[in-house]
Amino acid sequence: MKRVIILGGGYGGQSVANELIERGIPSDTIVTLIDRMPFQGLKTEYYALAAGTVSDHQLRVAFPSDPKLLLMYGEVLDVDMERQVVVMEDQNELEYDSLVIALGCTDKFHGINGAEEYACTIQTFSAARNTYQQLNDLKAYGQVSIVGGGLSGVEVAAELRESRPDLNIRIIDRGPSVMSAFPEKLQNYVADWFREHSVDMMGHVALSQIEPGILHDSHSDKPIYTDVTVWTAGIQPVELVQRMDLPKDPSGRLVINELHQLPAYTNVYIVGDCASMPFAPSGQAAGAQGKQVAEVIHAIWNGQTPKLGKIKLKGTLGSLGKKAGFGLMGKTALMGRVPRLLKTGVLWKSKHHIG
């Protein structure tokens with residue numbers, strides 16, 4: 001039997017598995033999908049889980065089912081590309097002929113003392129659950145500090161404002177404004193929403209240390225007091241990828257060729273947040289890339305030369321609670337109820353494996 005192993009059942013890994021099933025898995029091939037959880041967590045919606053506006057059950061998506069797809073659950077410890085084996089925790093090594101690494105990302109704390117120890121995050125299902133408990137155990141008028149004014153930080157702040165109107169909420173960022181990577185029109189729209197809903201915005205803050213209840217700004221001697229700190233200020237590939245002694249881009253993502261393969265190991269494909277791509281990591285990008293990886297694998301199965309087109313992303317959508325949102329489709333900015341409805345539709349399609 002030929003063995004294809006997919007590490008990670010997120011947007012990228014799910015996309016590879018679904019596309020291989022759709023195209024047909026040969027009778028002499030078995031595909032194994034490995035994840036630490038027995039379901040996919042919709043990571044782009046973890047902000048709502050942390051805020052307490054959805055239950056974790058609503059963010060679970062079943063893995064695909066097919067006689068030629070084997071599902072395994074556990075922790076991946078290492079990959080030996082010379083021996084072509086995957087090392088699992090408390091399980092036997094698994095041999096592969098082709099390997100897809102789609103393990104996603106983890107938080108990047110930028111060397112700030114105490115950030116990893118004292119800030120909560122939303123990078124994993126369990127981390128989002130823990131953040132939910134900390135936020136919703138707060139007494140009335142408690143202070144929440146969200147570090148990072150990008151998409152994740154904005155969505156956490158807005159959703160929490162609707163969930164807990166009694167709390168004091170602030171967003172802290174190194175830059176001058178929330179959503180600084182987006183056009184000024186969108187930045188102003190989001191900032192106006194926060195002002196209207198009493199969410200404080202602190203710009204030009206360079207955190208140097210985080211302690212229980214206190215944040216330290218390297219630009220000021222005045223401490224910033226907080227009850228709960230939520231970290232949304234950066235991501236990087238998972239630790240397993242960080243340890244790989246292979247060419248990487250400045251963000252630590254693995255350099256791949258035009259077929260999404262490692263140049264030195266062309267039977268190994270890198271998908272999603274672990275891959276060096278010409279656009280920012282996202283669930284949408286991982287899904288599109290996963291579909292192309294499945295195309296390559298299927299072509300090789302059939303003795304064909306893979307031919308891939310350019311990945312075209314549809315844009316970015318963000319929510320401001322349940323009734324407002326924003327988006328960027330090419331150069332067109334969307335604001336108000338329409339982008340929020342669009343995001344709801346995208347979420348529905350993700351749950352049902354449509355696009």
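Biologist: Which residue in β23 stands opposite Gly325?

Modeller: Gly325 stands opposite Gly336 in β23. Before going on, a word on the ground rules: this is a predicted model, with local features needing pLDDT of at least 70 and side-chain atom pairs counting only at pLDDT 80 or more, while totals for chains, interfaces and linings use all residues. Residues are numbered from 1 along each chain as its sequence is written, and side-chain values use heavy atoms, with hydrogens and water left out.

Back to the sheet. Strand β22 (residues 324-329) pairs with β23 in the antiparallel sense over 5 bridges (two strands pair if DSSP finds at least two bridges between them). The sheet is open, with 3 strands in the order β21-β22-β23 and antiparallel pairing. β21 (316-320) and β23 (332-336) are the edge strands, and each has a single partner, so one side of each lacks a neighbour in the sheet. From one strand to the next, the twist averages 10°. Strands here are DSSP runs of E, at least two residues, and helices are runs of H or I, at least four, numbered from the N terminus.

Two helices lie across this sheet. Helix α5 (residues 151-163) covers β21 and β22, running at about 25° to β21. Helix α6 (residues 184-196) lies across β21, β22 and β23, at about 170° to β22. Those angles run from 0 to 180 degrees between N-to-C directions, with axes being lines fitted to C-alpha atoms, for helices over the stretch in contact.

There's a helix pair to look at too. The axes of α1 (residues 11-23) and α8 (residues 283-301) come within 7 Å and cross at roughly 35°. That crossing is right-handed, meaning the near helix is turned clockwise from the far one by less than a right angle. Among the α1 residues that meet α8 are Tyr11, Ser15 and Arg23; contact means heavy atoms within 4.5 Å. The residues of this contact divide into 8 nonpolar, 6 polar and 4 charged (Ala, Val, Leu, Ile, Met, Phe, Trp, Tyr, Cys and Pro count as nonpolar, Asp, Glu, Lys and Arg as charged, and the others, Gly among them, as polar).

Ser15 is worth a click. Leaving aside neighbours within four places in sequence, Ser15 touches Gly287, Gly290 and Lys291. At 15% relative accessibility, Ser15 counts as buried, the cut-off being under 20% relative accessible area with a 1.4 Å probe, protein chains only.

How values were computed: Buried < 20%, exposed > 50% of the residue type's maximum accessible area, 1.4 Å probe, protein only.
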